[in-house]
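Please take a moment to look through the sequence and the structure below, and then follow the charged and the nonpolar side chains in turn.

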Amino acid sequence: MFRIVGQILVKNGHAVQCDNFSDIYSLGEFKNAVKSLEALEPDEINIMDLDGNISLTLKDNLPVLKSLRIPISVGGGVDLGEIHSYPVERYLINSLLFESDVSHRLDDFKQGRQSLIGYLPFKEDRGVFQYFNSTKGVFLEVGHRLLSKIFNICSEVIFLDTDHQGNLGRFNSRFPNSISREYLMRSYLSGGICPDNLSLFRRLGCAGVVLDNSSLYWQQKIYKR
């Protein structure tokens, strides 16, 4: 089933807008942003803390998060040992995916790997796609072996087009051809996706889309799109 996920980006405890993976603009209080997004009725709400302080964000906003009627996934410094104490169903991980002992570190993860989502911001450099490692702060080439390991670890993966984040209708049309159909069926695409053209992504056969930035400005409910 094609799913539409609304995303809230957080920095310094406030909801923000991010363009091109670099330019950040404040949107206001987190609690107001998350309730506005809930009213649009996405299939899921994704909360990404750009400072890597997702546990603090969850702790500071626990009352409003408990009141939400929509599943929540979170990312940005996720501590898999403590995150289960919050009202969250799925967890986005990035830097952990690049570590050689990732499988061993997940052996005791109580929630199970079905709750793990890989988060891979990407950019295209001279025809080659590179992926962001948040610990090192750099984009790296990912070979077939590592990509296969990532999909073995995670139930699904979010691919964010950093070159076109915040630019509606500009998602890199070449990217879906860079991964196998098997992986695409378990992938969410994000960055530069226009809500008026979701039919294009449905036809790709991907798992769904993550609509960041633009989602807080819509006048209609997401499901009507």
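Which side chain meets that of E29 in a salt bridge? The partner is K31, and the distance from N to O in this salt bridge is 3.9 Å, where a salt bridge is a side-chain nitrogen of Lys or Arg within 4 Å of a carboxyl oxygen of Asp or Glu. Side chains of opposite charge can pair when their charged atoms come close. E29 is partly exposed, with a relative accessible area of 43%, and K31 is partly exposed as well, at 46%; here buried means under 20% relative accessible area, exposed means over 50%, and partly exposed lies in between, with a 1.4 Å probe and protein chains only.

Before going further, please note that this is a predicted model, in which local features need pLDDT of at least 70 and side-chain atom pairs count only at pLDDT 80 or more, while totals for chains, interfaces and linings use all residues. Residues are numbered from 1 along each chain as its sequence is written, and side-chain values use heavy atoms, with hydrogens and water left out.

In the whole structure, a search finds nine salt bridges. One of them joins the side chains of K11 and D51, at 2.7 Å from N to O. This pair links distant parts of the chain, since K11 lies in strand β1 (residues 3-11) and D51 in the loop between β4 (44-49) and α2 (54-60), 40 residues apart; helices (H or I, at least four residues) and strands (E, at least two) are DSSP runs, numbered from the N terminus. K11 counts as partly exposed because its relative accessibility is 28%, and D51 counts as partly exposed because its relative accessibility is 28%.

Another salt bridge is formed by the side chains of R90 and E44, with 3.0 Å from N to O. Here, too, distant parts of the chain are linked, with R90 in strand β6 (residues 90-93) and E44 in strand β4, 46 residues apart. R90 counts as buried at 14% relative accessibility, and E44 counts as buried at 2%. Through salt bridges that share partners, R3, E44, R90 and E156 are joined into one network.

Turning to the nonpolar side chains, the largest nonpolar core has 58 residues, of which V74 and F159 touch the most other members; such a core is a set of buried Ala, Val, Leu, Ile, Met, Phe, Trp, Tyr and Cys residues joined through side-chain atoms within 4.5 Å. A second, separate core of 13 residues includes V5, C18, Y119 and L160.
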